[in-house]
Amino acid sequence: MSTYKDLMDDGSYICNDGTGYRETTGIADGLNCHFIFNAFNTLKYSVISGKSGTCGMIDDLAGYMRYRIEVMCGFERVPFREEIKHVKSYINLEMARFSRVNAEYNLEDTDFTLPSMSVIFLAENAIHHGILMQKGRGHVWIKSYALSGFHYIEVCDDGAGMEFEGDYPCNGSGIGNLPALGKRIEDMTGGRLIIKSIPGQGTQALIKIPADSTDR
């Protein structure tokens, strides 16, 4: 029989969503135990050393963990305002751990919904597969805006980059979980995920959601 730890580690968890029991797997599922373990270690060091901002870190971690649990229990499509609040919590915790990570936000359009964890997943990629794969400081830029009947969310970094360009779900293959995220965006919103990356320059991830999109 699988233990609770086994289920958490492999990203699978049985949860009562109010309509019965369902097994969650994929982009939005699991508690990301490695990140939480590292966040607690960072928090422990902050407490011992008496750093300012420790209370803010506690709030960020508590809010992030609650959001992950809510998503696991059936919150599949969420307001962008809610998603970006926890994106900021996640990035704040990573900046506390890695001093060379920086973030900037330009959020012009916030009144829409999107698949939960979409932006957090792209922010994780930007930090761990972009900035931390190179020497020196790096930046993550997150923008949202409305244009010509679409909501756009950009997650860009100036990290290591790669030789890759993909338009999901139009492309049938890709790197890591990007095809799965693209399919999730299409299935839930009719939108698309567009990736452009250049070695040594960084990566741009763009989510494009029709403004008249409704839950599917």
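Guide: What follows is a short talk about the fold, the core, the charged pairs and the aromatic rings.

Visitor: What sort of model is it, and how are residues numbered?
Guide: It is a predicted model, in which local features need pLDDT of at least 70 and side-chain atom pairs count only at pLDDT 80 or more, while totals for chains, interfaces and linings use all residues. Residues are numbered from 1 along each chain as its sequence is written, and side-chain values use heavy atoms, with hydrogens and water left out.

Visitor: How many helices and strands does the protein chain have?
Guide: The protein chain has 6 helices and 10 strands, taken as DSSP runs (H or I of at least four residues for helices, E of at least two for strands) and numbered from the N terminus.

Visitor: And how much of the chain is buried?
Guide: Of the 216 residues in the protein chain, 44% are buried, where buried means under 20% relative accessible area, exposed over 50% and partly exposed in between, with a 1.4 Å probe and protein chains only.

Visitor: Which residues have the most contacts inside the largest nonpolar core?
Guide: That core has 44 residues, and those with the most contacts inside it are Val87, Val119, Leu122, Ile142, Ile153, Leu178 and Leu193; a nonpolar core is a set of buried Ala, Val, Leu, Ile, Met, Phe, Trp, Tyr and Cys residues joined through side-chain atoms within 4.5 Å. Helix α5 (residues 118-128) gives the most to this core, with 7 residues.

Visitor: Switching to charges, how many salt bridges are there?
Guide: The whole structure holds 6 salt bridges, each being a side-chain nitrogen of Lys or Arg within 4 Å of a carboxyl oxygen of Asp or Glu. In one of them, the closest N and O atoms of Glu124 and Arg68 are 3.8 Å apart, and this pair links distant parts of the chain, with Glu124 in helix α5 and Arg68 in helix α3, 56 residues apart.

Visitor: Which residues form the aromatic cluster?
Guide: Tyr145, Phe150 and Tyr152 form one aromatic cluster. Lys208 lies over the face of Phe150, at 4.4 Å from the ring centre; for this, NZ of Lys or CZ of Arg must be within 6 Å of the ring centre and within 35 degrees of the ring normal.

Definitions and conventions
Phe/Tyr/Trp six-rings, centres within 6.5 Å; stacked < 30°, edge-to-face > 60°.
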